[in-house]
Structures are given as structure tokens and as C-alpha cells.
Amino acid sequence: MTEEFRVEVVDRIATLTIDRPTRRNAIDTATLMGIRKALAGFGDDVDAVVITGAGGQAFSAGGDVKEYATMTPAERLRNTDLMQDTLDQVEYHPRPVIAAIEGFAFGGGLELALATDYRVAGGGAKFRLPEVSLGALPTGGSFVRLHRVVGIGRARELILFNRQLTPEQALDWGLVSEVVPEGTALERAQEVARLLLASSATSTITIAKQLITFGLDAPARSARFMEYLADKSQTASDAFEKGVAAFANEGKRPVPGVSRSSGTK
Amino acid sequence: MAATNGAAASGTATNGTATNGTTTNAVADVDELRVEVDRGVMVLTIDRPRRLNALNQATRDTMQAALEQAVTDGIGVVVITGAGTRSFSAGGDVKEYAASTPAQRLYSTDTGQALTDQLEAHPALIVCAIEGYCVGGGLELSLAADLRICGEDALLGLPEVPLGGVPSWGTTYRLPKVIGLGRAKEMIMFARHVDAATALRWGLIAEVVPTGQALSRAVEVAHAIADGTDAETNARAKRLISYSAFEGSHAARRHMEYLADASQTASAAFQERLIGSRTGAGHGG
């Protein structure tokens with residue numbers, strides 16, 4: 001791990017920070033290795049993960065073009081492989097992952113955010129996939145995840161037509177979950193993590209996340225059976241007994257997990 | 001329609017063709033699901049207002065039987081609603097759940113999944129009229145329907161995860177297809193509840209009407225469909241969406257569309273409506 005990638009764990013919430021502000025937090029090989037190592041190392045001591053970029057100007061402007069320039073074609077292909085695999089690690093990670101986005105979320109930066117479960121954008125965030133205009137392709141999952149988030153029509157606009165979105169447009173498209181005042185995205189992302197953990201059991205969040213992620217890739221019949229099996233284990237769990245008993249016997253209503261600040265739409 | 005009790009004011013005042021007789025068997029011993037049929041439209045009312053129209057096993061069994069009857073009777077449109085304006089349905093019956101054995105809970109999961117699959121595969125178009133709470137299994141049920149119309153005070157959400165459960169009547173794979181993956185994660189993992197206006201903006205529901213008018217609007221839409229369109233064609237289009245839009249390979253989907261078109265263009269409805277209308281004005285063809 002380099003000093004350009006930081007991991008801090010506070011109250012069981014891990015914050016991963018890409019700290020290369022002079023490079024607009026471009027994702028180089030070391031960044032990818034840092035993300036992988038951090039995620040693989042989280043055990044029972046971490047219940048939620050926040051990913052952000054340092055400096056307030058960029059979440060991440062994408063792949064590191066300077067590094068690309070020094071690579072052989074074979075090395076570039078290995079880098080693509082590493083990028084895809086690392087973003088899969090983010091999407092498949094058992095804990096909820098929340099992105100705190102200020103400034104640029106371009107190219108691979110946007111793709112990293114798309115692999116998370118909840119995106120909080122500061123008021124100055126910008127979203128774009130410039131790859132095609134640069135003679136490249138957004139191959140960090142844009143062809144897999146983006147249309148599932150915003151629909152195929154809008155995915156075409158972003159990938160093919162180099163369209164840049166404001167935070168408000170991203171919210172309108174469902175590309176982000178919340179827009180908060182510029183400079184407060186990290187604070188809010190950590191708050192969202194705390195509120196989630198206060199409302200729901202970690203084991204339940206994990207199984208719900210996996211059902212969504214893997215159910216989308218499965219034929220409906222298989223997805224249905226996965227739900228059945230999940231229910232089979234879940235209805236036998238302590239969390240279920242506690243939640244259902246409190247609801248049935250004490251009339252305690254569940255509260256929505258994450259109440260939203262009034263400034264968001 | 002006056003905004004009286006939504007269910008009592010159902011627009012199903014019968015005109016002599018109402019055939020309670022056809023559904024008597026289905027509802028013989030459970031009066032918590034009311035079944036009314038009027039001119040090709042079946043209205044199912046979950047009538048357990050004191051339990052916020054929670055879907056206990058008996059009510060779901062009755063609904064399943066009524067939907068079977070609708071196939072037999074060639075019903076073109078089914079409207080599903082909850083009695084009163086406080087709640088469409090609060091979902092699975094948690095009291096019943098708490099008193100169930102593990103085996104009974106699994107049976108409940110299995111039959112709940114079967115019910116939503118039945119709605120999705122049903123030849124009739126299914127319209128949900130939603131007032132108040134549409135949460136948990138109530139939302140899951142409505143997601144398997146074809147059209148959702150809400151009163152403006154409706155609240156839609158999935159409280160399962162905070163309760164220690166997971167939505168398991170098909171929502172984990174249906175919801176992302178309706179509102180996208182990001183928003184589906186918000187609703188399922190983060191238990192975000194949304195009001196009718198937000199649900200409309202997200203495409204989760206089709207229409208918002210003043211509180212108390214969801215049922216009358218749904219019945220109006222249902223009769224417009226039943227009177228103005230061909231049930232066979234509707235059923236075929238619905239199947240193409242359910243089975244081909246999200247399943248199988250592109251080539252298989254394309255061939256399925258082709259086969260559907262081949263049978264459709266030979267149908268009476270096609271001849272009457274499309275070919276017949278050629279002489280009329282401005283059909284897009």
C-alpha cells in the first residue's frame with residue numbers, strides 16, 4: 001500500500017481514500033492493489049466501507065493516462081483485467097460500500113462508483129465517460145453495470161455521446177442516491193453508513209446485497225430459488241427472530257434505514 | 001367519485017353480469033378477500049383493514065384461487081386493491097409469521113413466490129390500486145402486476161432488512177428492472193421508503209391520483225382496456241415482455257418476437273384492427 005491510498009477504520013466503518021490530488025486521484029495500478037488489499041483484509045472488524053477521493057476536486061478522474069503511456073500493450077491488457085477484477089471485488093464485497101463523490105467522477109472513477117451500493121454526490125460533482133472520445137473504451141464495467149443503473153438509453157448517451165452530467169441530472173437519472181452541499185459528501189456518506197448499521201443487522205444487509213447482485217445475473221427461476229434459500233437461512237436467524245418478535249409483540253414499526261436530509265430530493 | 005372508503009366505493013356496482021356465483025367456491029370460507037366481477041374486469045379487494053391488509057396465508061391462497069378462476073373465465077383485466085385508504089397492504093402477516101414453525105415460514109415463502117409468478121405470467125393485465133401503505137410483501141405483490149396507480153398519500157417501501165428478513169417474493173430481481181440497480185439497492189438494502197410523487201418520478205408506479213381515487217381510476221383504466229383492446233393480443237404482448245425482455249439469449253428473444261408476430265399477423269384482432277384501420281386516419285402501422 002502506498003501513501004497515495006489510505007485506509008482508516010473508525011467505529012467499524014472503513015474509509016478508503018484515493019489520495020493523489022495532483023493527479024485528480026487517477027486510478028493507477030497501486031490504487032487498484034490498495035483497494036483489493038483493503039477489501040480482502042476486512043473481516044468481522046468492518047461493517048461498512050466508504051470510498052472517496054482526497055482534496056475535494058475529484059473523486060477520481062479515471063485511469064492513470066500517464067501510467068498507460070509507459071505500458072506495453074500486454075501490460076495495458078493486464079491493467080484492464082486488474083481494473084475489472086478489482087471493481088468486481090467492490091461489487092461482490094459482503095459489506096455495503098458507499099461512494100462519497102466530490103468533483104470529477106470520470107471514466108474509471110465513475111466505473112468505480114458504479115460498483116458501490118450507494119453514491120453520495122457533492123454539489124460540484126461531474127460525471128462523464130470520455131473514453132470513446134479519446135479512442136478508448138470504458139471497460140471497467142460500463143457495459144455491464146451502467147445500463148442496469150440508468151437504463152440502456154441513458155447508458156448509450158453517456159458511453160457513446162460523451163455526455164457530462166451535473167449532480168442534479170445524476171440524481172434525476174438514479175445514478176446517485178443523494179446530492180449534498182459541496183464539500184460534505186464524505187461526512188454524509190459516513191453518516192449513511194452509521195444510520196444503516198443502526199437500523200439493520202450486518203448479516204441481513206449482506207444477504208440482501210448478494211441477492212440483488214447475483215439475482216440480476218441469474219435466470220428468474222434461479223433468482224427465485226436463491227431468494228427461497230436466503231429466506232430459509234434468514235428466517236432461522238437471530239436478527240429475524242428479534243425483528244419479527246418486536247414487530248409482532250410490541251408493535252414496534254421498522255424505521256426506514258436511512259432518513260434523508262431535507263436538502264436532498 | 002367521492003373520496004369515501006376506497007373499497008366500499010369500488011366502481012364495480014354490478015349490472016347483472018356480476019357473477020359472484022363463479023367465484024363462490026374460491027371465496028367460500030374466507031371473507032378477507034372480496035372478489036367482484038363486472039363486464040370482464042375482476043376486482044380483488046384485500047379486506048383486512050385492522051391488520052393493514054396484511055397478506056396472511058389464507059388470503060393469499062384465496063387470491064391464487066381467484067386468479068385461477070379468472071383464467072378459466074377469460075377475464076381480461078384484474079384489479080387488486082386493499083380495503084380502506086390507510087393501506088394497500090402491509091405485506092406478509094408478521095403476527096402469523098411470528099407464530100409459524102420454520103416449515104410454515106418456508107411454505108409461506110414458496111407460495112408467496114408462486115403468487116407473484118402467477119401474477120406475472122397471468123394472461124389478464126393486472127392493475128394495482130394503491131392507497132396508503134404499500135410495503136414489504138404488498139409492494140412485492142404489486143411489482144409482479146402490470147400497472148400501479150397510487151393515491152397521493154401512498155408510501156412504498158421494503159422494511160424487511162431492518163426487520164431481519166429479506167424481500168423474497170421476487171423483488172430482489174424484479175425491482176432493479178423497474179427502477180434501476182442503484183435505486184433498487186436504496187430501497188432494499190437501505191430500506192428507503194418513497195412517497196407517491198417520488199415513485200412516479202422513478203417509474204415505480206404509472207400514475208398518481210388524489211387520495212381515495214386510486215380504485216375508481218384503476219377500474220376506469222381496467223374497463224377501458226377490457227372494452228377497447230383485444231385480450232389475446234394483450235396476453236401475448238405481456239408474455240413477450242415477461243419472458244423475452246429479460247431472459248435468454250438475444251437470438252432466442254428475437255426469434256420469439258418473430259414467432260409471436262407470425263401468429264399475431266394472422267389473428268382476427270390484427271386483421272380487424274390494423275388492416276381495418278388502414279382506411280382510417282393516421283395509423284402508424
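This tour moves from chain A to the interface and then into chain B.

**Before you start.** The model is predicted: local features need pLDDT of at least 70, side-chain atom pairs count only at pLDDT 80 or more, and totals for chains, interfaces and linings use all residues. Residues are numbered from 1 along each chain as its sequence is written, while chains are lettered from A and ligands numbered from 1 in the order in which they are written.

**Stop 1: chain A.** Select chain A. Expect 11 helices and nine strands; these are DSSP runs numbered from the N terminus, H or I of at least four residues for helices, E of at least two for strands. The radius of gyration is 19 Å, close to the 18 Å from the globule rule for 265 residues, so chain A is as compact as a globular protein of that length. That radius is taken over C-alpha atoms, and the rule is 2.2 Å times the number of residues to the power 0.38. Along the principal axes, the C-alpha atoms fill a box of roughly 65 × 40 × 40 Å.

Colour by burial next. Buried residues are 46% of the 265 in chain A (buried: 20 or more other C-beta atoms within 10 Å of the residue's own, C-beta atoms being placed from the backbone).

**Stop 2: the interface.** Show both chains. Here 50 residues of chain A are in contact with 39 residues of chain B (contact: C-beta atoms, placed from the backbone, within 7 Å). On chain A, β7 (118-122), α5 (146-150), α8 (185-199), α9 (202-217), α10 (220-234) and α11 (238-250) each supply at least two residues of the side that touches chain B. That side has 29 nonpolar, 12 polar and nine charged residues (nonpolar: Ala, Val, Leu, Ile, Met, Phe, Trp, Tyr, Cys and Pro; charged: Asp, Glu, Lys and Arg; polar: the others, Gly among them).

**Stop 3: a helix pair in chain B.** Select residues 171-179 (α7) and 181-188 (α8) of chain B. Their axes come within 7 Å and cross at roughly 135° (axes are lines fitted to C-alpha atoms over the stretch in contact; angles run from 0 to 180 degrees between N-to-C directions). Now show side chains. In α7(B), Thr171(B), Thr172(B), Leu175(B), Pro176(B) and Ile179(B) meet Leu181(B), Arg183(B), Ala184(B), Met187(B) and Ile188(B) of α8(B). By class, the residues of this contact are seven nonpolar, two polar and one charged.

**Stop 4: Ile130(B).** Centre on Ile130(B), in strand β5 (residues 125-130) of chain B. Ile130(B) is buried, with 31 other C-beta atoms within 10 Å. Leaving out residues up to four places away in sequence, Ile130(B) touches residues including Phe88(B), Ser142(B), Ala154(B) and Ala214(B).

Definitions and conventions:
Two residues are in contact if their C-beta atoms, placed from the backbone, lie within 7 Å. A residue is buried if 20 or more other C-beta atoms lie within 10 Å of its own, exposed if 12 or fewer, and partly exposed in between; C-beta atoms are placed from the backbone.
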